[in-house]
Amino acid sequence: MGRPETAKQALDALLVGNSNFVSGEPAHPRQDADLRRSLAESQRPFAALFGCADSRLSAEMIFDVGLGDLFVVRNAGQIIANTIIGSLEFAADYLGVPLILVLGHDSCGATKAAIDAHNHNFPPASEFVHHLVDRLAPTVAKSYQNGITDHDEITKAHVGDTIADLLSTSSYISERVAAGTLAVVGAHYRLSEGKVEIISTHGNIN
Ligand SMILES: [Zn+2]
C-alpha cells in the first residue's frame with residue numbers, strides 16, 4: 001500500500017484494516033525488520049489517533065496497521081489537554097497527517113466513573129483521578145439534562161464534546177479543517193465485535 005495522502009484515503013485504509021481485524025484475518029502489515037530499520041531516520045504516519053488508554057483499544061491491532069502508520073495519543077477517557085493538542089498539532093504540522101481520528105469505546109471505565117460521580121456514587125480516589133473524572137462531568141450533566149443516561153451513548157457524546165473542545169482550542173487544527181486540508185473524525189469502538197463505527201466527520205472527507 002502507498003501512503004494514504006488524503007483524509008478519505010486515510011480513513012478508508014483504517015476501515016479496511018479494522019475489517020480485517022473484525023473478521024479475524026489481520027494482515028499484520030509493515031512490521032518486518034527491514035522496514036523497522038528504514039523508519040529509524042524519519043516517520044511519515046498517514047493518520048493521528050487520539051483514543052482512550054483502555055488496554056482493549058490497542059490502536060495498531062484494531063486497525064491492522066504497522067510501524068510508522070499511526071501517530072497515537074491516548075489517555076484514560078480521551079480527555080483533551082494542552083499536551084494532547086500539542087501532540088495532534090505536531091502530527092498535522094510536522095508529520096503532515098491528513099486525518100485525526102478521535103476514538104471512544106463501549107463500556108468505558110472513565111465515562112462510567114463520571115456517571116457514578118454524577119449520581120454521587122463515586123468512591124474515594126486520588127486527586128488526579130478525580131481531576132480526570134471531573135473533566136467528563138459537563139458531558140454527563142448535559143446528557144442527563146437531555147434524557148440520555150445510557151453509558152455508551154454518553155461516551156459517544158463525549159467523543160463529540162472532545163472534538164468540539166479540540167476545534168475550539170486549537171486554531172491551527174480548526175483552520176485546516178475549515179480549509180479542507182485536515183479532517184477530524186469521531187468514532188466508537190465496540191469491544192466485543194472489534195468494530196469501529198464512524199459517528200461524526202469534520203472537514204473534507206470526500
Ligand atoms: Zn475508556
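Gly147 counts as exposed, because it has 6 C-beta neighbours inside 10 Å (exposed means 12 or fewer other C-beta atoms within 10 Å, buried 20 or more, partly exposed in between, with C-beta atoms placed from the backbone). You'll find Gly147 in the loop between helix H6 (127–145) and H7.

A quick word on the model: it is predicted, so local features need pLDDT of at least 70 and side-chain atom pairs pLDDT 80 or more, while totals for chains, interfaces and linings use all residues. Residues are numbered from 1 along each chain as its sequence is written.

Helices (H or I, at least four residues) and strands (E, at least two) are DSSP runs, numbered from the N terminus.

| Helix | Range | Contact residues |
|---|---|---|
| H5 | residues 109–118 | Thr111, Lys112 and Ile115 |
| H7 | residues 151–169 | His151, Ile154, Thr155 and His158 |

The axes of H5 and H7 come within 10 Å and cross at roughly 105°, which makes H5 roughly perpendicular to H7 (65 to 115 degrees).

On to the sheet. Five strands form an open sheet in the order E2-E1-E3-E4-E5, with mixed pairing; strands pair if DSSP finds at least two bridges between them. Strands E2 (70–75) and E5 (195–202) stand at the edges with a single partner strand each, so one side of each lacks a neighbour in the sheet. E4 (residues 183–190) runs antiparallel to E5, joined by seven bridges. Arg190 has Lys195 in E5 as its bridge partner.

Methods:
Axes are lines fitted to C-alpha atoms, for helices over the stretch in contact, and angles run from 0 to 180 degrees between N-to-C directions. Angles under 35 degrees count as roughly parallel, over 145 as roughly antiparallel, 65 to 115 as roughly perpendicular and the rest as oblique. Two residues are in contact if their C-beta atoms, placed from the backbone, lie within 7 Å.
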